[in-house]
Amino acid sequence: MTRTILVTGAGGVGKTTFSAGLAVQAAREGVRTLVVTVDPARRLASALGAHDLGDEPQPHDELEHLWAAMLDSQASWRAVAMRHADPEVATRLADNEFFRAASEHFPASQSYAAADQAATFVQARVWDLVIVDTPPSGGGIDFFTAPAQMADLVGGRLLRWITGGPLPGRRFFYDRAARPMLRIADTILGSDLLQRISEFLLDLRTTYDGVARRGREIETVLREAATLVVTTADPAPVGEAVRFYRQLPEVASTPAAVVFNRVLPTAWATVRPDPDLPVELGRIAEQWSAETVRQADAREEFSSRYGARVATVPWRAVPPTNLAGLAGLMDDAEGIPWGDLLP
Amino acid sequence: MLDKRLVIVSGKGGVGKSVVASGLALLGQRNGLRILAVEMEAGGGLSAHLGAGDPGFEPREVRPGLHVMRMVRSDALLEYLSLQLRLPGMGRLGAVARAFDALATAAPAVREIVTIGKILWEVREDRWDMVVFDAPPTGQIASYLRAPASISELVTTGRIRSQSKWMADTLGNPALTQLILVTLPEELPTSETMETIEWVTRTGVVGPPTVIANRVLEKVSVSSTPQGAVGDMLTLHRSLTEEQERWLAELPPDLTLPYMFGLFTPGEVAAHISDELEALT
């Protein structure tokens, strides 16, 4: 049974570095681990031993038991829909301008593609542990709702809204005079556009069964996964973290921990600089001391108000970009619930 | 910056674009301008920074002259339809809006034009001196800025096509519209910002963006390092500034905002950013 950890959190909090550190730590303990990341910084990608990381998992050159894969952020549910379309429809869809536009812009598109690929790795049963660094798009939570949204989009909902009734045949859209609603949309959008969209939607709908079935499989994988929320102590990421922490139990599981990244040594909170120090140094010391107090307050508030288990990862001036750096970061981390995370 | 009619603030997620948008809105308000600040999503940072509670689609005055609204696409669509069609009865419009929204899912520029169109319409009306849009992150901003142009390409007839022209003109006029890209002196925000600048320059959908680097630490001039915790703090501080220098050299910003130490409430942060912007501009 493959264990899955989904690492969520706002953009820019160090989620990818933390996911990589988690994977390095697990591999060091002999757990066959795959870390799946989205768009890592170049330096981090090289730390994962990947010369050119792609969507095929690659074993690490130096560290046994560690694999890495990078999700193609350009990949979309387009590929998924094509997979479930019969050849004739697939050809038509491939040329359809709305298909291209919709697959680029459907908000959950990237999340869906990521969830689909991650689920594929979990189902492969090759690894003991799959760590997924979720894409930050759409607030992160849409990683979990994307399969259902995708099925909704492909399925009849759109068409039912347009027609206000049961699914029509292909001819329906040519008979616009009977439908005042469509006449209005016609005035604004132009009749040509309406017709092309409706033809596209009818084609897309033929893929519904396949897409919906796959969506349910993905949802099962996500529901059985352990989750972590990564944040910094800054107000905006904390706000996001609170949202994740409260929403995750509905779509997956109660987060095993809230991981505060870029944490300063707690002893700094009480540092009072020597009055003989140069003024500039005294001011800088006071600033970092105030920052340490603020961080501690943010962690305390999170654990007391939401009953969350809080873990901390120390602040590194330069994010670690090699195995030793990632391993060191995890050695200095505190409160990570390894027992709940490792298989 | 205060002489523009529309300021669009974007940036990679987590760089503090909402706080910059809020700071700018506050600065405008303090200078006696009528300001509309627009945020995209519920629970967005802008309303928290401006103490606006939970604003809706209807602009809410949070201090004299400063209004905050949240973009709600379905409301924007209803408003658009009722202006376009002059139809009585919102119930009927609700069905039309639902159908329209469904259609728009398949032609996404239509969705985005509803958002950017509402904002541009507010710019066009004479109710505000400046509209500050806390816009989607740089990953999505292109589809919003390009929406009027995309519509012209996609729709060959229909009323929406004729409207896309003045929208594109307003966005593309540097005297009216300013794009601000907020960034951090770190690897990923720097590369994403540079990609966005490249795209904007290539397409010309808006004028040259202003780049604001946020959370920039001041350099330490003293070279000695005392023993103990203060020394550790200095060592961290120096390493951080060194790392920041590297990315600031890669992408020299037009303005830099300082790291905000120890401030806690979003309102305090926004007020300080507003002061900083005032000192800078």
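I take helix axes as lines fitted to C-alpha atoms over the stretch in contact, with angles from 0 to 180 degrees between N-to-C directions. Helices are DSSP runs of H or I of at least four residues, and strands are runs of E of at least two, numbered from the N terminus.

The model is predicted: local features need pLDDT of at least 70, side-chain atom pairs count only at pLDDT 80 or more, and totals for chains, interfaces and linings use all residues. Residues are numbered from 1 along each chain as its sequence is written, and chains are lettered from A in the order in which they are written.

**Helix pair, chain B.** I looked up α7(B) (residues 147–154) and α8(B) (residues 159–172). Their axes lie 8 Å apart, at an angle of about 150 degrees. The two are therefore roughly antiparallel (over 145 degrees). I then listed the contact (C-beta atoms, placed from the backbone, within 7 Å). From α7(B) come B:P148, B:A149, B:I151 and B:S152. From α8(B) come B:I160, B:R161, B:S164, B:M167, B:A168 and B:L171.

**Cores.** I looked next for nonpolar cores: sets of buried Ala, Val, Leu, Ile, Met, Phe, Trp, Tyr and Cys residues joined through C-beta atoms within 7 Å. Buried means 20 or more other C-beta atoms within 10 Å of a residue's own. The largest core has 95 residues. A:V36, A:V130, A:I131 and A:V259 have the most contacts inside it. Helix α6 (residues 109–123) of chain A gives the largest share, eight residues. Another core, of 71 residues, lies apart and includes B:L24 and B:L277.

**Chain A.** I find 15 helices and eight strands. Of its 343 residues, 49% count as buried.

Conventions
A residue is buried if 20 or more other C-beta atoms lie within 10 Å of its own, exposed if 12 or fewer, and partly exposed in between; C-beta atoms are placed from the backbone. Angles under 35 degrees count as roughly parallel, over 145 as roughly antiparallel, 65 to 115 as roughly perpendicular and the rest as oblique. Two residues are in contact if their C-beta atoms, placed from the backbone, lie within 7 Å.
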